[in-house]
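Biologist: Hey, can you walk me through this model? I'm new to reading structures.

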Amino acid sequence: MKLILRILLSALAVVILAKILPGISVDTYTTAIIVAIVLSILNFIVKPILVILTLPITILTLGLFLLIINAIIILLADNLISGFDVSNIWWALLFSLLLSFLQSILYSLLKEDKNN
């Protein structure tokens, strides 16, 4: 149940950011749920591989290259999902930063509701 709530909150964050950012578009709410699922799968499977492969440059840039890896994951999701469109890597970078921030806020609200 917690996984389903997290995916729905991530989909909500994707919809909110698609409304705010002009370089991001999501066709339907179903597409937003698919984006949330695909992003979680990519973050679970592909991201660790990319982090290991780019470890020297990540160390050299003091971890800032991880932001680029997050943007690459967003662009990869863009290529996999037809109703999700990201204009370029800069929008993907901004989207990944704001998505992480918005998800942390929404997840913290979920934790507060559970404690009461």
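Biologist: Of the contacts in the chain with a separation of 6 or more, what percentage comes from residues 24 or more positions apart?

Modeller: That's 64% of those contacts. Keep in mind that this is a predicted model.

Biologist: OK, and what is the secondary structure of the chain?

Modeller: You've got five helices and two strands. Starting at the N terminus, the order is α-β-α-α-α-β-α.

Biologist: What radius of gyration does the chain have?

Modeller: The chain comes out at 15 Å. A compact globule with 116 residues would be near 13 Å, so the two agree. Along its principal axes, the C-alpha trace spans about 45 × 35 × 25 Å.

Biologist: How much of the chain is buried?

Modeller: Buried residues are 37% of the 116. As for the surface, the chain exposes about 7300 Å², with carbon and sulfur atoms supplying 72% of that.

Biologist: Switching to helix α1, how far apart are its end C-alpha atoms?

Modeller: They're 27 Å apart. Helix α1 covers residues 2-20, and at 1.5 Å a residue its 19 residues should span 27 Å, so that agrees. Among its buried residues are Ile-7, Leu-9 and Val-14.

Biologist: Now Ser-96: is it buried or exposed?

Modeller: Ser-96 counts as buried because its relative accessible area is 7%, and the cut-off is under 20%. Ser-96 sits in helix α5, residues 89-115.

Biologist: What does the side chain of Ser-96 reach?

Modeller: It reaches the backbone oxygen of Leu-93, at 2.9 Å. Leaving out residues up to four places away in sequence, Ser-96 touches Leu-67, Asn-70, Ala-71 and Ile-74.

Notes: Residues are numbered from 1 along each chain as its sequence is written. This is a predicted model: local features need pLDDT of at least 70, side-chain atom pairs count only at pLDDT 80 or more; totals for chains, interfaces and linings use all residues. Side-chain values use heavy atoms; hydrogens and water are left out. Helices (H or I, at least four residues) and strands (E, at least two) are DSSP runs, numbered from the N terminus. The expected span of a helix is 1.5 Å times one less than its number of residues. Buried means under 20% relative accessible area, exposed over 50%, partly exposed in between (1.4 Å probe, protein chains only). A polar contact is a pair of N or O atoms within 3.5 Å; within protein, one must be able to donate a hydrogen and the other to accept it, and residues adjacent in sequence count only if both atoms are side-chain atoms. Contact means heavy atoms within 4.5 Å. The radius of gyration is taken over C-alpha atoms; the globule rule is 2.2 Å times the number of residues to the power 0.38. Accessible areas come from the Shrake-Rupley method with a 1.4 Å probe; for residues, only the protein chains shown count as cover.
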